[in-house]
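Walk through this fold with the coordinates open.

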Amino acid sequence: MAAGHHRTGAVPAAERPPRRDGAAGRRATGDFPLRSHRPDPITGGPLLSKGGYRNDSRLARRNDVLCLTGASLTRDLYIYGNPVVELTHSSDNPNVDVFVRVSEVDTKGRSRNVSDGYRRLGDAPETVRIELDAVAHRFKAGSRIRVLIAGSWFPRYAANLGTGEPALTGQQTKPATHSVHFGNSRLLLPTGPSADRVANPGGDLG
């Protein structure tokens, strides 16, 4: 199999994780708020403290994080390079940030971060394209691909005040509500052959 982009159904066929009553609701859009004076604490990833690969299952339960989880994979999926997320996005405040994380949910329901991306929008364009950190990773058969979307990447980046003022000197804050429209939003994964096939270039790549 030649390397290429795998279009996962995690974003366009999105659904909220089951609520406490066990019901999962499909919808055309997903909304999440950001209160600039109370930014989302995001653990894991390229941080000096509490960085690296972490169990990020609790992020899926926050009402200020949009969580989209795909179906169980029927076989191993290998990715090499930069995942890309394209979002049809709107906000009631043009001065916003978007943080995106791709995670892997194992067969026991535990989620672990794989790759992160971040963008400060400024004028809140309708289509947001975010290139995530480069990674070489195997999603195991039976696991699920999860996409987490939030309005900040704190503490790696200072929270957007929502007013257009500099984060260090601004005096006011303004909240925002983000909306992600699922119809044209998608996750692109740079897929490739398994590690065994890479190590054996004379083998049949199919």
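Arg101 counts as buried, at 0% relative accessibility. Buried means under 20% relative accessible area, exposed means over 50%, and partly exposed lies in between (1.4 Å probe, protein chains only). Arg101 forms a salt bridge with Asp56, and the closest N and O atoms are 3.3 Å apart. A salt bridge here is a side-chain nitrogen of Lys or Arg within 4 Å of a carboxyl oxygen of Asp or Glu. The pair links distant parts of the chain: Arg101 lies in strand β6 (residues 97-105), Asp56 in the loop between β2 and β3, 45 residues apart. Asp56 also counts as buried, because its relative accessibility is 1%.

This is a predicted model: local features need pLDDT of at least 70, side-chain atom pairs count only at pLDDT 80 or more, and totals for chains, interfaces and linings use all residues. Residues are numbered from 1 along each chain as its sequence is written, and side-chain values use heavy atoms, with hydrogens and water left out.

How many salt bridges does a search of the whole structure find? It finds eight. Side chains of opposite charge can pair when their charged atoms come close. Glu86 sits in strand β5 (residues 84-91) and Arg186 in strand β11, 100 residues apart. Glu86 is buried, with a relative accessible area of 17%. Arg186 is partly exposed, at 25% relative accessibility.

Asp97 and Arg120 form another salt bridge, with the closest N and O atoms 2.8 Å apart. This pair joins strand β6 to strand β7 across 23 residues of sequence. Is Asp97 buried or exposed? Asp97 counts as buried, at 0% relative accessibility. Arg120 is partly exposed, with a relative accessible area of 41%. Salt bridges that share partners also join Asp56, Arg101 and Asp116 into one network.

Now step back to the chain. It holds one helix and 11 strands. Both are DSSP runs numbered from the N terminus: helices are H or I over at least four residues, strands are E over at least two. From the N terminus on, the order is β-β-β-β-β-β-β-β-β-β-β-α. Buried residues make up 46% of the 206 residues. The chain exposes about 10,800 Å², and carbon and sulfur atoms supply 48% of that. These areas come from the Shrake-Rupley method with a 1.4 Å probe; for residues, only the protein chains shown count as cover.

Next, the sheet. Four strands form an open sheet in the order β3-β10-β6-β7, with antiparallel pairing. Two strands pair if DSSP finds at least two bridges between them. The edge strands are β3 (65-69) and β7 (111-120), each pairing on one side only. Neighbouring strands of this sheet are turned by 20° against each other on average, direction ignored. Axes are lines fitted to C-alpha atoms, for helices over the stretch in contact, and angles run from 0 to 180 degrees between N-to-C directions. Five bridges join β3 to strand β10 (residues 144-150). Val65 stands opposite Ala150 in β10.

Strand β2 (residues 29-34) pairs with β11 (residues 176-192) in the antiparallel sense over six bridges. The bridge partner of Phe32 in β11 is His178. In a regular strand the side chains alternate between the two faces of the sheet.

Finally, the packing. A nonpolar core is a set of buried Ala, Val, Leu, Ile, Met, Phe, Trp, Tyr and Cys residues joined through side-chain atoms within 4.5 Å. Which residues have the most contacts inside the largest nonpolar core? They are Leu87, Val100, Phe139, Ile145 and Ile149, in a core of 27 residues. Strand β11 gives the most to this core, with five residues. A second, separate core of nine residues includes Ala60, Cys67, Phe99 and Ala150.

Val100 is in contact (heavy atoms within 4.5 Å) with residues including Val85, Leu87, Asp116, Ile130 and Ile149, leaving aside its neighbours within four places in sequence. Among contacts in the chain between residues at least 6 apart in sequence, 79% join residues at least 24 apart.
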